[in-house]
Amino acid sequence: MIQQTSPEIGGMGHSVKRKEDRRFIQGKGNYVDDVHLPEMVYGQLVRSPYAHARIKNINIENAKQVPGVLAVITGDDLAKAGLAWMPTLFFDKQMVLATGKVLFQAQEVAFVVAEDRYAAADAAELVEVEYEELPVLVDPHHSLDADAPILREDREQKSNHIFHWEVGDRLATQKAIEESLVKAKVDAVFQRCHPAPLETCGCVADFNTATGRLTVWLTSQAPHAHRTLFALVGGIPENNIRVISPDIGGGFGNKVPIYPGYVCAIVASLKLGRPVKWIETRSENLQSTGFARDYHMTAEIGADPDGTVKALRVKTLADHGAFNAAAQPTKFPAGLFSICTGSYQFPNAFCEVDGVYTNKAPGGIAYRCSFRVTEASYLIERAMDVLAYELKTDPAELRLKNFIPPEKFPYQTPLGWSYDSGNYRAAMDKALEMAGYRELRKEQEEKRKKGELMGIGVSSFTEVVGAGPSHTFDIVGIKMFDSCEIRIHPTGKAIARLGTKSQGQGHETTFPQIIAQELGIPVADITLEEGDTDTAPYGLGTYASRSTPVAGGATSMASRKIREKARKIAAHLLEVSEEDLEWEPGKFFVKGAPSKAKTIQDIAFAAYTNLPAGMEAGLEAVHYYDPPNLTFPFGTYICVVDIDKGTGEIKVRRFIAVDDCGNIINPMIVEGQIHGGLTEGLGIAFMQLISYDESGNVQGGNFMDYLLPTAVETPNWETGKTCTPSPHHPIGAKGVGESPNVGSPAAFVNAVVDALSHLGVRHIDMPITPWKVWQILKEKGMAE
Amino acid sequence: MPKTHHVRVRLNGVDHEADVDPRVLLVHFIRETAGLTGTHIGCDTSNCGACTVLLDGRPIKSCTLLAVQADGSDLTTVEGLMHDGQLHPIQEGFHQEHGLQCGFCTPGMMMSALALLGKNPNPTEQDIRWAISGNLCRCTGYQNIVKAIQYAGRKMQQGASA
Ligand code: FES
Ligand code: FES
């Protein structure tokens with residue numbers, strides 16, 4: 001158990017109010033678009049109106065005539081510098097500016113730079129591009145057809161197939177399913193959607209001709225990795241690049257990749273010797289930057305008549321768009337999708353994924369998700385419900401029957417994971433109790449008799465976060481450790497710097513709380529900085545709920561290094577041996593004589609003024625933490641919906657979320673994360689969709705068409721928790737940011753399907769709109 | 001070049017004037033001409049509300065108005081909320097109730113809330129949810145924003161009766 005510190009110290013478990021709030025509530029945040037430099041100019045991208053077309057000619061003459069225009073850069077210009085293409089984060093490459101042909105609507109074709117943003121926009125309108133339209137490939141199910149157009153002429157392999165990946169025992173699984181007396185099958189599409197953080201992507205690139213240094217203010221969730229990639233791709237010495245990720249207006253995975261606009265701004269700044277700002281519009285953001293999901297999945301479960309599951313088989317087609325720009329660890333083409341056995345004891349499992357190209361925006365990013373965990377969790381939780389219908393059993397009962405019991409942890413899954421800890425029944429029991437599950441089922445029965453539609457959806461997810469151990473996890477070769485450096489000043493105050501980057505998660509508060517816990521320095525006395533590659537230690541950044549599991553571990557370990565040195569200094573000050581000292585948060589005291597003590601502040605002062613002979617001055621440490629395993633947060637969510645038979649409208653009446661993320665640093669912040677993640681899950685289940693018409697025109701490419709939940713549709717979330725610490729993490733924490741987004745889509749969908757299950761409905765693809773529901777009701781003769 | 005227009009506004013109690021292109025958006029005038037970057041831009045279709053400011057006391061989306069249309073008006077932005085170094089109750093509410101995460105929606109959200117509280121000092125939860133329905137937040141799920149606005153409402157009423 002974590003020792004409770006005083007509220008003044010504010011260590012783990014305290015709902016410390018956020019330190020970063022003060023500037024934000026005054027409008028004094030510093031987001032990328034707020035950066036204003038002398039002589040700064042503005043960039044604007046010219047984008048393709050076509051999804052697939054050959055570029056016959058680009059005429060920039062008229063654009064150049066617009067007053068204030070400084071440069072118009074095309075793909076051919078970049079090709080001369082070897083920069084027309086750049087590597088993606090996953091064994092593919094992507095055009096920075098199109099050469100030869102365009103492969104998706106809104107693809108980047110030219111970059112205009114002008115003295116102000118209006119002039120840049122004017123000139124971009126005047127860039128004349130002559131296109132010859134080519135046949136368009138929209139449906140991934142046709143990507144591998146013999147007559148499908150080959151999209152990527154640059155590749156040796158003349159096919160739209162990107163990868164095949166499989167894990168598990170195909171034959172044993174097949175046999176187990178064949179022999180099972182009960183079978184359940186579901187075809188589920190996890191639709192293409194977009195994280196849409198409220199701040200779009202952008203940068204200010206400032207190449208200083210006098211010093212030869214390039215500074216880039218960047219909407220980046222991973223500033224260090226981005227610096228390295230800029231150095232490797234651009235050939236600029238890494239010491240001459242400084243990436244600053246200032247305040248970030250939400251990321252959710254959208255700000256992990258490197259986008260063409262960044263590269264263009266850097267090239268323009270190198271060319272002009274002036275700072276270049278490029279900020280995309282919302283429409284550009286939705287149409288061209290990293291989309292998420294687009295997984296077309298089939299799951300089959302074989303089970304005994306008593307409901308015991310025997311085998312799971314999953315087959316998936318992954319639509320990656322025009323370039324495989326998935327941002328995920330190198331060894332995992334389908335991310336951590338093999339977590340798809342979820343919370344259940346499957347003796348056999350097999351999972352395969354094929355990735356294909358289409359004429360759509362590139363991506364496959366992890367939207368508030370550890371690389372395809374959301375897809376996996378959605379699929380298994382949907383499939384379990386379908387199985388419950390087959391068995392005519394209660395979906396909660398079925399789950400309880402098949403949960404991995406607490407005594408089986410660490411648990412080896414048939415697809416290769418070693419779950420660290422879990423107590424799934426405890427979370428389920430708590431959720432059932434909070435919901436009043438039995439009464440709800442009774443109410444549902446009575447409503448059904450009256451012809452009213454009410455549904456209850458259960459989702460008991462297990463997810464996987466904290467990538468990751470260096471033996472298995474790297475992004476383009478860089479191991480996925482993370483780091484923390486702590487310096488204690490002579491007066492006992494401290495500064496800490498990390499390799500991560502908050503985008504709203506509250507790092508300026510939570511990481512100091514870890515230090516406060518470990519060293520007893522009040523959280524108010526600790527400053528935290530992230531995001532400046534010149535000052536912070538190297539780390540892989542913040543996404544996939546990895547900050548607490550990885551950088552949190554680093555923070556804890558760096559603090560402990562400091563404590564070890566502090567012990568030596570305390571022994572010197574108290575004139576006892578180190579073994580005679582005991583620690584409590586904030587001080588060392590002599591065993592059996594608690595009044596003989598030295599506070600951490602006394603010790604910090606001595607570290608600069610009164611050291612034992614031969615000891616190096618100062619009190620600081622840096623730690624690069626390589627996690628021994630991932631962490632596996634879990635929980636049970638229960639959703640209650642009412643459906644209007646006249647309109648098909650779905651009202652989320654209640655939503656109960658019981659999360660177990662191990663030990664908690666700041667309960668207030670954890671709850672805030674859960675509220676936010678559930679709301680994103682609500683959006684995904686009912687609203688968010690990026691689709692394409694048959695010509696490859698993007699539908700859902702702006703906030704008029706891409707619906708997001710407002711305060712009106714969003715219910716009050718009812719949260720609860722259980723606590724099963726991670727046994728391998730220094731502070732027993734697991735990470736929480738993505739859990740509500742991973743676990744909730746299935747709960748929403750299960751609830752709607754449950755409301756309609758007596759009509760024979762077994763599955764509805766997301767987003768479940770009133771129109772879809774109304775059509776089903778009409779077909780079933782239920783619509784009013 | 002288009003003919004410029006002279007625009008003069010009272011911005012957080014201070015006069016600002018400039019010659020601007022007729023097509024310049026009010027939000028760009030506030031952020032770039034007046035240099036107050038607390039008002040944000042989150043979309044290009046008037047949907048997100050990150051740009052909300054008060055124009056003569058009414059909440060407006062400053063991305064949807066031209067600077068010339070605001071000529072002669074009295075504008076309040078997030079930078080105008082503090083008084084004598086004291087946080088406004090709405091700012092305090094957002095901090096106390098954890099009503100913000102990334103902070104990008106926060107300035108616009110607070111301005112919409114303030115307009116509501118001006119008309120309706122004691123709003124119900126539904127009143128609040130409707131009043132901020134033109135402001136998107138991608139981080140908080142709105143629940144704590146509702147609480148923050150309720151906190152401010154209580155505090156402002158106490159202030160008014162004290
Ligand atoms: S910027 Fe989105 S409504 Fe004004
Ligand atoms: S706090 Fe991030 S958008 Fe509202």
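This is a dialogue on how to read some features of a predicted model.

Student: Which residues lie nearest the centre of the largest cavity?

Tutor: Its lining is made up of 37 residues, and those nearest the centre are Q505(A), S545(A), Q673(A), V736(A) and G737(A). Three helices of chain A each supply at least two residues of this lining: α13 (507–519), α14 (547–574) and α16 (667–686).

Student: How do the residues of that lining divide by class?

Tutor: The lining of the largest cavity has 14 nonpolar, 19 polar and four charged residues. For the second largest cavity, the classes are eight nonpolar, one polar and no charged residues.

Student: Which residues line the second largest cavity?

Tutor: They are L89(A), A222(A), A225(A), H226(A), L229(A), V256(A), I475(A), L540(A) and Y543(A). Helix α6 (residues 223–234) of chain A gives the most to this lining, with three residues.

Student: Now the interface. What area is buried between chain A and chain B?

Tutor: The size of an interface is often given as the accessible area lost when the parts come together. Between chain A and chain B the buried area is about 4,400 Å², and carbon and sulfur atoms give 55% of that. On the side of chain A, the residues that lose the most area to chain B are I25(A), Y118(A) and L198(A), together 19% of what that side buries. Counted by residues in contact, 54 of chain A meet 48 of chain B.

Student: How many salt bridges does the rule find across this interface?

Tutor: Side chains of opposite charge can pair when their charged atoms come close. Across the interface of chain A and chain B the rule finds five salt bridges. R117(A) and E32(B) form a salt bridge, with their closest N and O atoms 2.4 Å apart. The rule also finds 30 residue pairs in polar contact across the interface of chain A and chain B.

Student: Which elements give two or more residues to the side of chain A that touches chain B?

Tutor: They are α1 (21–25), α4 (117–126), α8 (282–288) and α16 of chain A. Of these, α16(A) gives the most, with eight residues. Helix α16 of chain A also supplies at least two residues of the lining of the largest cavity. By class, the side of chain A that touches chain B has 23 nonpolar, 19 polar and twelve charged residues.

Student: How many salt bridges does the structure hold over all chains?

Tutor: The count over all chains is 62. One pair to look at is R242(A) with D534(A), whose closest N and O atoms are 3.5 Å apart.

Student: What should I look for in the backbone?

Tutor: Most residues other than glycine have a negative phi, and most peptide bonds are trans. The peptide bond from A467(A) to G468(A) is cis, with omega near -25°. G468(A) lies in the loop between β22 (453–462) and β23 (474–475) of chain A. The bond from M766(A) to P767(A) is also cis, with omega near -10°. P767(A) is found in the loop between α17 (739–756) and α18 (770–779) of chain A.

Student: What is the phi of S46(B), and where is S46(B) found?

Tutor: S46(B) is not a glycine, yet its phi is positive, about 60°. S46(B) sits in the loop between α1 (26–33) and β3 (52–55) of chain B.

Technical notes: Residues are numbered from 1 along each chain as its sequence is written. Chains are lettered from A and ligands numbered from 1 in the order in which they are written. This is a predicted model: local features need pLDDT of at least 70, side-chain atom pairs count only at pLDDT 80 or more; totals for chains, interfaces and linings use all residues. Side-chain values use heavy atoms; hydrogens and water are left out. On a 1 Å grid over the protein atoms alone, a cavity is a set of points where a 1.4 Å probe fits but cannot get out, and a pocket is an open set with protein on both sides within 12 Å along at least five of seven lines; lining residues have an atom within 4 Å of a point. Helices (H or I, at least four residues) and strands (E, at least two) are DSSP runs, numbered from the N terminus. Ala, Val, Leu, Ile, Met, Phe, Trp, Tyr, Cys and Pro count as nonpolar, Asp, Glu, Lys and Arg as charged, and the others, Gly among them, as polar. Contact means heavy atoms within 4.5 Å. Buried area is the accessible area (1.4 Å probe) that two parts lose on being put together, summed over both. A salt bridge is a side-chain nitrogen of Lys or Arg within 4 Å of a carboxyl oxygen of Asp or Glu. A polar contact is a pair of N or O atoms within 3.5 Å; within protein, one must be able to donate a hydrogen and the other to accept it, and residues adjacent in sequence count only if both atoms are side-chain atoms.
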